[in-house]
Amino acid sequence: MTESPPVADRGPTFPAAIKRAVELFAEPPAAEAALVDGYLDLLGGEDPTGSHPGQRLMLSRGLALVYQRFWRPMGGRLLMGWGGPDTREEHRMALEMLAIEPGDRVLDVACGPGNFTRDFGSAAGDGLAVGVDASASMLAVAARENRDTNVAYIRGDAHALPFRDACFDAVCCFAALYLIDEPMRALAELIRVLAPGGRLALLASCQRGPLPLRTANEVFRGLTGVRVFGRDELTGACRDAGLVEVEQRIAGLAQFVSARKPG
């Protein structure tokens, strides 16, 4: 891993898309923040990922290399069944749910290797797409494959996003909320940075089996770190936060949730 000098020392050589992302921060990045392998690292030695096997796996360099082509499609089939949306359909659904327009600023939380972030950057035109993840391995792949001047990647904590309130026109978190240590705290952060009139898109787990929700979480979260959300848990949290046009689509053991912050 090749590290560059701290952000504060880079001045005009700092990549344009990352400069634009930093302009959205609530506070300037700390002097320890550094450009690493093409992404801005705000965490350094900190690791908010969690200690369960499924969470630790997301940090693997090997997984980052095969995530987009093999792991993510396979995981989607396990979560949504063979009759559920494939990865191409997921991309289409995300773009539809977010309704991105040219000039929009889009945030992709737990972006992994950037497979969705790149789509958001294309849809945003002269706007900006920012991918945030805690995994250095995932972000190294994302930055290496980044050919867009309006896409930036940041290593940060979903529990405490660095951005100021209401600065993104669209916010996405697909296939990750169930692995975040404190998902409802992270959801509150997604909603906080969403601008009035902006849209939120989530893909998460959904309890549908015979086990009671508490038992399912004791089993699955205890073994893997994957949280099972109740059928109305995320939609209810969105409504409680004041979001409107809350919609849900169930596919196997997954749920797609979209909502809008009132303008």
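In this predicted model, pLDDT stays under 50 over residues 8-12, and the model has five contacts beyond four places in sequence for that stretch. Where pLDDT is low, the predicted coordinates should not be read in detail. For the protein as a whole, the mean pLDDT is 87, with 83% of residues reaching 70 or more.

The protein contains nine helices and ten strands. Of its 263 residues, 54% are buried. Among contacts between residues at least 6 apart in sequence, 66% join residues at least 24 apart.

Helix α9 spans residues 233-240, and its buried residues are Leu 234, Thr 235, Ala 237 and Cys 238. These residues lie on the same side of α9, because they cover an arc of only 160 degrees around the axis. An α-helix has 3.6 residues a turn, so residues three or four places apart point the same way.

After α9 comes Gly 242, which has a positive phi, near 95 degrees.

The second largest pocket holds about 360 Å³ of space. Its lining consists of 21 residues, and those nearest the centre are Pro 29, Ala 30, Leu 42, Leu 43 and Pro 162. By class, 13 lining residues of this pocket are nonpolar, two are polar and six are charged.

How values were computed
Residues are numbered from 1 along each chain as its sequence is written. This is a predicted model: local features need pLDDT of at least 70, side-chain atom pairs count only at pLDDT 80 or more; totals for chains, interfaces and linings use all residues. Side-chain values use heavy atoms; hydrogens and water are left out. Buried means under 20% relative accessible area, exposed over 50%, partly exposed in between (1.4 Å probe, protein chains only). Helices (H or I, at least four residues) and strands (E, at least two) are DSSP runs, numbered from the N terminus. The arc is that of the directions from the helix axis to the C-beta atoms. pLDDT is the predictor's confidence in each residue, from 0 to 100. Contact means heavy atoms within 4.5 Å. On a 1 Å grid over the protein atoms alone, a cavity is a set of points where a 1.4 Å probe fits but cannot get out, and a pocket is an open set with protein on both sides within 12 Å along at least five of seven lines; lining residues have an atom within 4 Å of a point. Grid points are joined across faces, edges and corners, and a volume is the space filled by probe spheres set on the points. Ala, Val, Leu, Ile, Met, Phe, Trp, Tyr, Cys and Pro count as nonpolar, Asp, Glu, Lys and Arg as charged, and the others, Gly among them, as polar.
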